[in-house]
Amino acid sequence: MAHVSHRLRGAVQGALAGGGDPATSPLYVFGPFLKLLVATGAGAVSFGTPIWMVVATVIVVSLMYRHVMRWITDGSGGSGLCEEEFGGWAVKVNASITAIEYTLTFLVSIAALVTFVADRASGLGYWPRAGLAVVLTLVVGFVVNRGPRLAAAVFGPATAAVLALLWVLVVAVIARDGLRLPAVRLEAFDGSHLHATLGGYVRLLALMTGIEVFANLVAAYDGPPEVRARRAFGSLIIVMTTTLATMVVVGPAIFELADPMRSDVSVFTQTMDRLLPASVAYAGTLVGIVVLLSAAAASAQGLQNLSLGLRHRHYVPAAFGQRNRFDVAERPVFVQVLLVAACFVAFGTHEETYLTLYAAGVFVLLGLTGWAAVKRLWRERRSGRASTLSVVGTILAALVTSAAAMLIFVERFTEGAWAYLVLVPALYYVFSRFRRRLGKPALIQERLGAVLTAHKSFVPTLVTSWPQALLAVSDGSPDAEAALVAGADVAKTLAAELSFCLVSDSKPNVAPYLEMVQRTFLPEGQASHVNATNDVWEIVLAANADLLVVASETGAARSLVLDNRCPVLIVRAKAEPGRRYPGFKRALVGLDGSSEAEAVLPYCVSLLRFGTALKLVTVPEGDTTAASLTSYLGRVAEDLRQYGEVSTVVVGSGPARTLVQQANEEQSDLVIVASHGGGGIARADAVPLGSVPERLLVDLPCSLLLVPAVGLRSRG
């Protein structure tokens, strides 16, 4: 079966998959804005000016994000750029705020959805509203964890419908009143109106929380990095153009027709009821309900892609950002769904409860990203790769976003913005803890550029004859005896000496078992190599073993692979008979471009000499590109082909999942990987086994040869 991509393929598909949040923002930002105008008596004086201030802000920030998308394609968006330009402190602050914002987006979207339901079904109390919100939260999490293409298929039509609805309203307003744009009045900045003008600007800025989603969504598109960046920016343009048109054309109609002080019906529903036929207005409510699910889904997808970027940069554990079989990181969504559900139960479902925090953090994030972009562009300008106009425009974006951040915190500090002073340091501590534990990740793309230019052999000459001595390890269980069968067959196939070790505390009671093993599996003259012990490595040294064989189902398997002293062959006692033992006919070799992963290559030479056909597999992840990996694998294969049959493939996403899929498609009887890859061997004390072999130990349907990333130890 061919590899199936769950990634996005174009700007329109991306807009439908990730545009739910900014596309739905007109549904809820006008309510708090108009309430403020009524409360302050600013009325028409302060209405138009904040809208045009927001339009200008959206335009300059969108243009800034065009550069961010071009530079950062691994899903970490502004967080990744901040780390590259300012260091670890910036990415931790940025990622902390981003994670909070995605959760708040989820909360506001579902809360606004429940409000839309209540607009048409009056009388819903606290617990029915909370129960509905929790159920819908679980549904969104389930769909999002099935991949972005399914999310686009489920929620995409709703996003398309709300985009269409907004344009219908634009046309309806123009048909009714002509093109009446909001007026900019200088009185909006005098002493009696300034508070309302700036406060309105702050409330309308909530619509910008969706911009970072598109930067994180870059990792979800098909194609090389430059194509993914272009498609993501196209998605941003599609959605934000619609949102801004609604602000400047429909906004004045909402101001004229809706009563913001009504608590039973939102201002957007009131406007639809006045502008559209009843059937269309009710259909619009239904569209709004479903598309707000899309907005929640977009925030969950953004968190998924952020987690992928943070995983590659070692700010979260590999397992937290691990892709599932649908090509997405599911654990962040599980955590988000639980938090959101708990908030609805504890604090209710009125969106204004969460809007207090909604826009507060995003402009700190945008400001940091803006100044990081200025720093990068300034460097590019000095080398002739960026224009002065780009630098000036990005400086303007950085100034605007920084000023907006200060305005928001001054305006809404006592209403909940203070919570960032607690939440951000807490997440900062978590990210710092994991970065210290995991260490700085290897920059594989830079390494590939260096080694491909050097034109040296990738195959070290550490192994001249391997294996020479096998040690089959058992704990006496029926499953463990698969290691005995495999050990005897491997020793015969590879012409190596075989020994056997029983891991047992009761040495006096195992003599009959050891004698049976001796008679059945070992040739005469090797009785001294049948042992019962608690210390396997004592027997390894005594037998001078350079390969251990163990069944994956035994307790000894994990302790052996975590030790990383010599290669371990793990066989599957419960696998189907045809895949239970390695036949050394067709083997997959997992490489990622790191020097640690290349520890497998000397062992590949030995297997090629025995007639094994090898297929080298690598997956574009993190900072690597398919083009550089293809060149790299070609060079490695060229070095190995003097020993036997070698093919290559650059495919998929998620190395462990791709290796499992390739093993099934190729009917491979063996997969070969190093204990650590691009994450680095320096973190081995904290992470004794990399995330890829960890997954393979559980999911792989055939045998696994695990090689210590430090290479073969001296045989002494």
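Author: S76 sits in the loop between helix 4 and helix 5 (77-86); helices (H or I, at least four residues) and strands (E, at least two) are DSSP runs, numbered from the N terminus. Because this is a predicted model, local features need pLDDT of at least 70 and side-chain atom pairs count only at pLDDT 80 or more, while totals for chains, interfaces and linings use all residues. Residues are numbered from 1 along each chain as its sequence is written, and side-chain values use heavy atoms, with hydrogens and water left out.

With a relative accessibility of 0%, S76 counts as buried (under 20% relative accessible area; exposed is over 50% and partly exposed in between, with a 1.4 Å probe and protein chains only). Neighbours within four places in sequence aside, S76 is in contact (heavy atoms within 4.5 Å) with E212, N216, N305, L306, G309 and R313. A491, by contrast, is 415 residues from S76 in sequence, and the two C-alpha atoms are 48 Å apart in space.

The setting is a protein of 716 residues, 60% of which count as buried. The protein has 27 helices and ten strands, and its C-alpha trace spans about 100 × 60 × 45 Å along the principal axes. Among contacts with a separation of 6 or more, 80% come from residues 24 or more positions apart.

Aromatic rings come next. The structure holds seven aromatic pairs (Phe, Tyr and Trp rings, the last by its six-membered ring, with centres within 6.5 Å; planes under 30 degrees apart are stacked, over 60 edge-to-face and the rest tilted). The pair F47 and F255 is stacked, since the ring centres are 4.6 Å apart and the planes stand at 25 degrees. F47 belongs to the loop between helix 3 (26-40) and helix 4 (48-71) and F255 to helix 11 (residues 225-257), so this pair ties together parts 208 residues apart in sequence. F47 is buried at 6% relative accessibility, whereas F255 is partly exposed at 31%. F86 and W89 also form a stacked pair, because their centres are 6.2 Å apart and their planes at 25 degrees. F86 is partly exposed at 27%, and W89 is partly exposed at 44%. F33, F47 and F255 are linked into a cluster by ring pairs.

Two packed helices are described by the angle between their axes and the distance between the axes. Helix 7 (residues 126-144) and helix 14 (residues 331-347) pack at about 175 degrees, with axes 9 Å apart (axes are lines fitted to C-alpha atoms, over the stretch in contact for helices, and angles run from 0 to 180 degrees between N-to-C directions). Helix 7 is therefore roughly antiparallel to helix 14 (over 145 degrees; under 35 is roughly parallel, 65 to 115 roughly perpendicular and the rest oblique). Residues in this contact include W127, A130 and L138 of helix 7 and V337, F344 and F347 of helix 14. By class, the contact has 15 nonpolar, two polar and no charged residues (Ala, Val, Leu, Ile, Met, Phe, Trp, Tyr, Cys and Pro are nonpolar, Asp, Glu, Lys and Arg charged, and the others, Gly among them, polar).

Helix 26 (residues 655-666) and helix 27 (residues 691-699) pack at about 40 degrees, with axes 8 Å apart, and are therefore oblique to each other. P655, A656, L659 and V660 of helix 26 make the contact with V692, R695, L696 and D699 of helix 27. These residues divide into six nonpolar, no polar and two charged.
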